[in-house]
Amino acid sequence: MSTQTYEAETFRKLQPQEYLRKFLLKEVRPDGRELKQFRQTTVNLGCISTTNGSSLVRIGNTTVVCGIKAEVSVPKQTSTKEGYLVPNVELSPMCSPKFKPGPPSEHAQVLSENINRLLKSASILDLNTLCIHEGSAVWVLYADIVCVNYDGNVFDACVIGLITALSNVKLPKATFAEEEGLVKATEELLIPLNLSRLPYPATFSIFDGQYLLVDPTEVEESVAHEVITIICDEAGQICTVWKVGGISCTPKHLEKCISIARERYIEIAAIVENEEKSNNLI
Amino acid sequence: MGKEAELSTNEKEFILASLREGIRLDNREKLDFRSLQILLGPDYGHSEVRLGDTKVLAKVSCEVTRPHLDRPSEGILILNTEISPMAFPGLDMGRPSEEEIIISRTLEKAIKRNHAIDLEGLCIIREKKVWTIRVDIHFLDNDGNILDAASIATISALAHFRRPEITITGEDTITIHSAEQLNPVPLVVHHIPICVTFAFFEISENKDLWVVDPNWQEEKICQGDMTIVINDHKEICVLSKAGGVPLSMETIIYCSKIATSKVEIIIDDIRKALEIANDKNSNKNNNNSNKMDKGKRVNRD
Amino acid sequence: MSLNRVDKRKFTEIRPISIEQNYVNKDGSALFKFGDSAVLCSINGPTEVKVRDEKLDKATIDVLFKPWIGSPGTNEKTHELVLRSTLESIIQANLHPRTLIQVVCQVLMDDGSILATAINATTMALINAGISMRDIAVAVSCVICKDGTILIDPKEQEIEENQSFHTFAFNKVSLNLLFCESFGVFTEKQYFDCYELSKTAAQEVINEIHNAIKYNITNGR
């Protein structure tokens, strides 16, 4: 039998795990990054003019758009002063062929749920500040997060998208006219939201129980099932630790992830600050 | 999702031959119900019913909502009968199955359309606030006749349930009191409808072959079934017979007489279970009673 | 700082565990209780799989999580993903290619820490069903209160007023972290304190599971 040689691409398709392993032995990743290197991240604020706040986030090829639309609604019977903040993640067939059209996939539902849990448990936005008139009218903020291009680590992109879009939101000053039962809003006075903290995430994959891959791509995600996400805030406190799959994670891994997540926080905060500055100039 | 196991031809013929000789494989007589266990509590409105190996759990919960527009002064009763592969292996999720439709329709008719629960009493402020009572019925294990077990679980859970007491404090505002502040109030149960299911195998002029409370195997081989819903006043509330073998008038009348006597026994069991559960709860209240509770009891005495 | 918990437990004490196997007539089933939190888990399989879900080299694992009250929502979907990815790393799925292992978790009573209860119930049910596993998963939840106290295995009432809520699942062999879900605001030190306390509590759960297996064997069911 003669030895067969494959094209690199064929090898990747046939033996995806072995393919990745060959790269990692040389401490480099298939896209040329080091193990601890994040992909290039960019943030564009206020890119959709029809929303009350929006942002576009790119992490490498992964692209997510977040738009926040404010509407007036009636509060719940039990909490008459609280407004609503409804995050929804959409993974359409446009971003990757692995998603089918129709009702939200499990992946999308889990992303929405985790984002919702982050918002609630870290009390990022006090819902009482969305009250227009107690018992009659409150703001409801629909945060639609749409993935445009899926190349792994979509959760990070979604969280950065949502947080930057929220800090970009400006609500018109609204008053409730009791006699008519109507809400009047004026576009002349726009008020930004008061966010208690600005948490940013970092995601890791563990491959073969020994390689810690930072910011995994779709190819890496599909073979390294052990995933860790850490979300930190500006004070270095942790808001979320989420870890699923695999059995090789130890406190050492977690410590390392947390320290990288803190470095990553500074990086993202700087990117966002730059974008805000250039936005204000225009 | 895998397919549900089916009975082999041999098994079918054996069960049928035994039935012809008046023998049921679980050693019951033709008119015997399996042993019935009703476990209420520890929370209000939590009922687990075991009918032989068939297990159904019902949980009642409540919240304050807006009423339906066409019935502004009535509370809302929701029965949730979603089935899962736990009791129905081979179930195709995402598509309503035939079993689910039959169970939810019959329960709906038996409990909602017969006004077993007083809904007008659940109105708090007309057109604005009413109680929505929700019954989640969980099917844990299906060894046949899951419908009868579900009806017993549902009505016993509703009878056991207590909703929090409320006071109207303003035009549109209410206060909901916790169980420590004010004793929770039971629902008003007008009557107790119970399903009794019969399975028919061979019906001919000289001999009818049928049983009450069919188990899973009997359900699989029967030619048709009939469910009669009878309440504690011995009134027929629902009679449901969808297809299958045709039955004579006499058989139906005979069946309904049998059903009446079965329902009497079942309702006795429910009442006993309620008494035991209420005793337990009042003991609990005695043990950690606060001043308010004590004050009340003194007044009553 | 409150000296006692609502049910007079110590801060690091788990609620009494009760395990009942063969609760329903399936290939395997178990009812796991942490005090008044109860989850029933049933296993069907390895059984026939639909062609669309078939995997050529291993068994398909399907998890369904049914809540106590209401219809399943995104919270239950998240629980399903967690359970499935946890099970995929411990079940020897390669032994049963082109089959289905169907796991159904039904909450029978919810008094907090329900995901941890469900993970333990699933572990117990898998053992009961005789599914080959390379390891078992045990889970414990904890909360950090506003004053910094860590409460292990919190009740619903204790979860309502907390600073952060954590659920940890460990494997039995190496006590590595299988799954972690922490939401709230906390420091790194607090996180690792929770980690260590949960790990200690998980050991108790393992002991209870051992006892349940022993009891089952000696009583011949």
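Q: Let me start in chain B: is Asp225(B) buried or exposed?
A: Asp225(B) counts as buried, because it has 22 C-beta neighbours inside 10 Å. The term buried means that 20 or more other C-beta atoms lie within 10 Å of the residue's own, exposed means 12 or fewer, and partly exposed is in between, with C-beta atoms placed from the backbone. Please keep in mind that this is a predicted model, in which local features need pLDDT of at least 70 and side-chain atom pairs count only at pLDDT 80 or more, while totals for chains, interfaces and linings use all residues. Residues are numbered from 1 along each chain as its sequence is written, and chains are lettered from A and ligands numbered from 1 in the order in which they are written.

Q: Which element is Asp225(B) found in, and which residues does it touch?
A: Asp225(B) is found in strand β13 of chain B, residues 224-230; helices (H or I, at least four residues) and strands (E, at least two) are DSSP runs, numbered from the N terminus. Leaving aside residues up to four places away in sequence, Asp225(B) touches Thr197(B), Phe198(B), Ala199(B), Phe200(B) and Gly244(B), where a contact means C-beta atoms, placed from the backbone, within 7 Å. Thr197(B) is 28 residues apart from Asp225(B) in sequence, and their C-alpha atoms are 7.0 Å apart in space.

Q: What sheet does β13 of chain B belong to?
A: The strand is part of an open sheet of four strands in chain B, in the order β12-β11-β13-β14, with antiparallel pairing; two strands pair if DSSP finds at least two bridges between them. At the edges are β12 (208-212) and β14 (236-240) of chain B, each of which pairs on one side only. On average, neighbouring strands of this sheet are turned by 20° against each other, direction ignored.

Q: How many bridges join β11 to β12 there, and what lies across the sheet?
A: Strand β11 (residues 194-203) of chain B is joined to β12(B) by five bridges, and the two run antiparallel; within that pair, Glu202(B) stands opposite Leu209(B). Helix α2 (residues 98-113) of chain B lies across β11, β13 and β14 of chain B, and runs at about 165° to β14(B). Such axes are lines fitted to C-alpha atoms, for helices over the stretch in contact, and angles run from 0 to 180 degrees between N-to-C directions.

Q: Switching to chain C, what is its secondary structure?
A: Chain C has four helices and nine strands, and from the N terminus its elements run β-β-β-β-α-β-α-β-β-α-β-β-α. Of its 221 residues, 55% count as buried.

Q: Why would you say its radius of gyration agrees with a compact globule?
A: A compact globule of 221 residues would have a radius of gyration near 17 Å, and chain C has 17 Å, so the two agree. The radius is taken over C-alpha atoms, and the globule rule is 2.2 Å times the number of residues to the power 0.38.

Q: And what order do the strands of its five-stranded sheet take?
A: The order in this open sheet of chain C is β1-β2-β3-β5-β4, with mixed pairing. Because β1 (17-21) and β4 (60-66) of chain C stand at the edges with a single partner strand each, one side of each is left without a neighbour in the sheet. The twist averages 15° from one strand to the next.

Q: Is β3(C) largely enclosed or left open?
A: It is largely enclosed by the rest of the structure, because 11 of the 11 residues of β3(C) are buried. Strand β3 (residues 37-47) of chain C is joined to β5 (residues 100-109) of chain C by eight antiparallel bridges, and β2(C) pairs with β3(C), also antiparallel, over seven bridges.

Q: Which residues does Ser42(C) face?
A: Ser42(C) stands opposite Val104(C) in β5(C), and Ser42(C) is also the bridge partner of Ser29(C). The strands β2(C) and β3(C) form a hairpin with two residues between them, and Gly35(C) in the turn has a positive phi of about 60°.

Notes: Two residues are in contact if their C-beta atoms, placed from the backbone, lie within 7 Å.
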